[in-house]
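Hi,

Here is the structure I promised to pass on.

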Amino acid sequence: MLTVLDLSAAFDSFDHDSLLKRLHTCLGGQMIDWFASYLCRRVQRVRISGTSSTPSVVLYGIPQGSVLGPISFLLYTADLL
């Protein structure tokens, strides 16, 4: 039997609030605040030919190319309890 798990979009799929709740069980105080400031209140927009879309709040994922991306994903998927 072969089981295949595709994680190609894994960094784009996890919820910030879920990660922070998970981290709260093993970390506290300033570490949670630091992660929250890194993840939350991010916005994105599209610019085409000098015209920008309305900014939209990003609720899922880690910024592309970030050093914390792989670490955050491991913390999100690991059993922390």
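Among the contacts between residues at least 6 apart in sequence, 59% join residues at least 24 apart. Keep in mind that this is a predicted model. The chain has 81 residues, and 25% of them count as buried. Its accessible surface comes to about 6300 Å², with 58% of that belonging to carbon and sulfur atoms.

As for the layout, there are four helices and four strands. Reading from the N terminus, the order is α-α-α-β-β-β-β-α.

Which residues of H2 are buried? They are His16, Leu19, Leu20 and Leu23. These four cover an arc of only 95° around the axis, so they sit on the same side of H2.

Take the H3 partner to begin with. The axes of H2 and H3 come within 10 Å and cross at roughly 170°. At that angle, H2 is roughly antiparallel to H3. On the H2 side, the contact is made by His16, Leu19, Leu20, Leu23 and His24, while H3 contributes Ile32, Phe35, Ala36 and Leu39. Sorted by class, that contact of H2 with H3 has seven nonpolar and two polar residues, and no charged ones.

Now the H4 partner. Helix H2 (residues 16-24) and helix H4 (residues 68-77) pack at an angle of about 70°, and their axes are 9 Å apart. That angle makes H2 roughly perpendicular to H4. Here H2 puts in Ser18, Leu19, Arg22 and Leu23, and H4 answers with Ser72, Leu75, Tyr76 and Thr77. By class, the contact of H2 with H4 has four nonpolar residues, three polar ones and one charged.

- His16 belongs to helix H2. It is buried, with a relative accessible area of 3%. Leaving out residues up to four places away in sequence, His16 touches Leu39, Val58, Leu59, Tyr60 and Gly61.
- Asp33 is found in helix H3. Is Asp33 buried or exposed? With a relative accessible area of 52%, Asp33 is exposed, because the cut-off for that is over 50%. The C-alpha atoms of Asp33 and Leu20 are separated by 9.2 Å, and the two residues are 13 apart along the chain.
- Arg41 lies in the loop between H3 and strand E1 (43-44). This residue has a positive phi of about 65° although it is not a glycine. Arg41 counts as exposed, at 69% relative accessibility.
- Ser49 is in the loop between strand E2 (47-48) and strand E3 (51-52). Phi of Ser49 is also a positive value in a residue other than glycine, near 50°. At 75% relative accessibility, Ser49 counts as exposed.

Cheers

Terms used
Residues are numbered from 1 along each chain as its sequence is written. This is a predicted model: local features need pLDDT of at least 70, side-chain atom pairs count only at pLDDT 80 or more; totals for chains, interfaces and linings use all residues. Side-chain values use heavy atoms; hydrogens and water are left out. Axes are lines fitted to C-alpha atoms, for helices over the stretch in contact, and angles run from 0 to 180 degrees between N-to-C directions. Helices (H or I, at least four residues) and strands (E, at least two) are DSSP runs, numbered from the N terminus. Angles under 35 degrees count as roughly parallel, over 145 as roughly antiparallel, 65 to 115 as roughly perpendicular and the rest as oblique. Contact means heavy atoms within 4.5 Å. Ala, Val, Leu, Ile, Met, Phe, Trp, Tyr, Cys and Pro count as nonpolar, Asp, Glu, Lys and Arg as charged, and the others, Gly among them, as polar. Buried means under 20% relative accessible area, exposed over 50%, partly exposed in between (1.4 Å probe, protein chains only). Accessible areas come from the Shrake-Rupley method with a 1.4 Å probe; for residues, only the protein chains shown count as cover. The arc is that of the directions from the helix axis to the C-beta atoms.
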